[in-house]
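Biologist: Could you take me through a model feature by feature, giving the general idea each time and then the case at hand?

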Amino acid sequence: MLFNNIEFFNLNFTKDYLISKCGLVLSLPKNRGNNNKLSNNYIILKPEILKSGHKKITIYVDGIKRSCLIHKLMAETFLENKNDYKFVVFKDGNQKNISLNNLEFSDSCKKYAIKISKSYGVGVTFEKRNKYKPFCSIIKINGKRKILGYFKTSEEAENEYKKYKNSME
């Protein structure tokens with residue numbers, strides 16, 4: 001469907017919303033009254049930008065509120081997922097770059113995590129507010145972040161991350 005010279009495509013799981021290759025999401029008008037005529041009130045949904053940089057929209061599917069990441073909707077709609085991977089990652093590590101050629105399916109989000117943490121090491125972030133131990137070792141378990149501790153050097157924090165990860169395997 002064309003809307004303002006932009007081509008939109010149906011989302012895989014609902015017919016009430018459309019998405020474009022540039023990441024715009026369009027809400028289709030609902031049936032009004034008993035005459036089953038569609039109104040012309042199309043709405044382009046404004047995404048919420050999360051702290052992580054991801055863009056999120058809220059839609060309703062069969063009356064149930066659902067939050068969706070735009071890059072994931074784009075990948076599910078336009079990219080082929082040959083291996084049934086669960087994760088969509090950014091090839092360049094930049095969450096603001098949601099162009100289709102920057103998205104790919106992956107078996108884990110590790111690829112992204114490694115890209116954004118190269119400067120301090122895997123599983124390590126820099127906490128500016130902590131003067132004495134500014135390096136924080138963090139691991140994700142079942143989608144939840146677990147802080148392993150704060151350290152004086154990035155090497156200590158990375159070693160703690162690797163030690164914890166090896167003990168889990």
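**Reading burial, contacts and pairing**

Modeller: Ser-106 is buried, with a relative accessible area of 8%, where buried means under 20%, exposed over 50% and partly exposed in between, using a 1.4 Å probe on protein chains only. This is a predicted model, in which local features need pLDDT of at least 70 and side-chain atom pairs count only at pLDDT 80 or more, while totals for chains, interfaces and linings use all residues. Residues are numbered from 1 along each chain as its sequence is written, and side-chain values use heavy atoms, with hydrogens and water left out.

Biologist: In which strand does Ser-106 lie, and with which residues is it in contact, leaving aside its neighbours within four places in sequence?

Modeller: Ser-106 is placed in strand β12; strands (E, at least two residues) and helices (H or I, at least four) are DSSP runs numbered from the N terminus. With contact taken as heavy atoms within 4.5 Å, and with neighbours within four places in sequence left out, Ser-106 touches Tyr-85, Lys-86, Phe-87 and Val-89.

Biologist: How many residues does the largest nonpolar core have, and which element gives the most to this core?

Modeller: A nonpolar core is a set of buried Ala, Val, Leu, Ile, Met, Phe, Trp, Tyr and Cys residues joined through side-chain atoms within 4.5 Å. Here the largest has 19 residues, and Ile-57, Ile-59 and Met-74 have the most contacts inside it. At least two residues of this core come from each of β3 (14-20), β9 (55-61), α1 (70-78), β11 (87-90) and β12 (103-106), and α1 gives the most, with 4 residues.

Biologist: What is Met-74 in contact with, beyond its neighbours within four places in sequence?

Modeller: The contacts of Met-74, with those neighbours set aside, are Ile-19, Ser-20, Lys-21, Cys-22, Gly-23, Leu-79, Ile-98, Leu-100 and Leu-103. Gly-23 in turn lies in the loop between β3 and β4 (25-27) and is buried, at a relative accessible area of 9%. On the same exclusion of neighbours within four places, Gly-23 is in contact with Ile-70, Met-74 and Ile-98. Gly-23 and Pro-47 are 24 residues apart in sequence, and their C-alpha atoms are 9.7 Å apart in space.

Biologist: How should I read a sheet, and in what order do the strands of the open sheet stand?

Modeller: Strands of a sheet pair through backbone hydrogen bonds, either parallel or antiparallel; two strands count as paired if DSSP finds at least two bridges between them. In this model, 3 strands form an open sheet in the order β8-β9-β10, with antiparallel pairing. Because β8 (48-49) and β10 (64-69) stand at the edges, each with a single partner strand, one side of each is left without a neighbour in the sheet. Between the antiparallel strands β9 and β10 there are 6 bridges, and Ile-59 stands opposite Arg-66 in β10. Helix α1 lies across β9 and β10, running at about 85° to β10; the axes are lines fitted to C-alpha atoms, for helices over the stretch in contact, and angles run from 0 to 180 degrees between N-to-C directions.

Biologist: How many salt bridges does the structure hold, and how far apart are the N and O atoms of Glu-48 and Lys-56?

Modeller: A salt bridge requires a side-chain nitrogen of Lys or Arg within 4 Å of a carboxyl oxygen of Asp or Glu, and the structure holds 3 of them. One joins Glu-48 to Lys-56 at 3.4 Å, N to O, and Glu-48 is partly exposed at 42% relative accessibility. Another joins Glu-158 to Lys-162 at 3.6 Å, N to O; being 4 residues apart in helix α3 (residues 154-168), the two are separated by about one helical turn. Glu-158 is buried at 18%, whereas Lys-162 is partly exposed at 42%. Lys-163 also forms a salt bridge, with Glu-160, the closest N and O atoms being 3.5 Å apart, and both residues lie in α3, 3 residues apart, about one turn of the helix. Lys-163 is exposed at 55%.

Biologist: To how many disulfides does the count come?

Modeller: A disulfide is a covalent bond between the sulfur atoms of two cysteines. Taking a pair of cysteine sulfur atoms within 2.5 Å as the criterion, the count comes to 0 disulfides. Cys-68 is buried at 5% relative accessibility, and Cys-136 is buried at 0%.

Biologist: Which backbone angle is positive at Asp-84, and is Asp-84 buried or exposed?

Modeller: Asp-84 has a positive phi of about 55° although it is not a glycine. Asp-84 is found in the loop between α1 and β11 and is exposed, with a relative accessible area of 67%.
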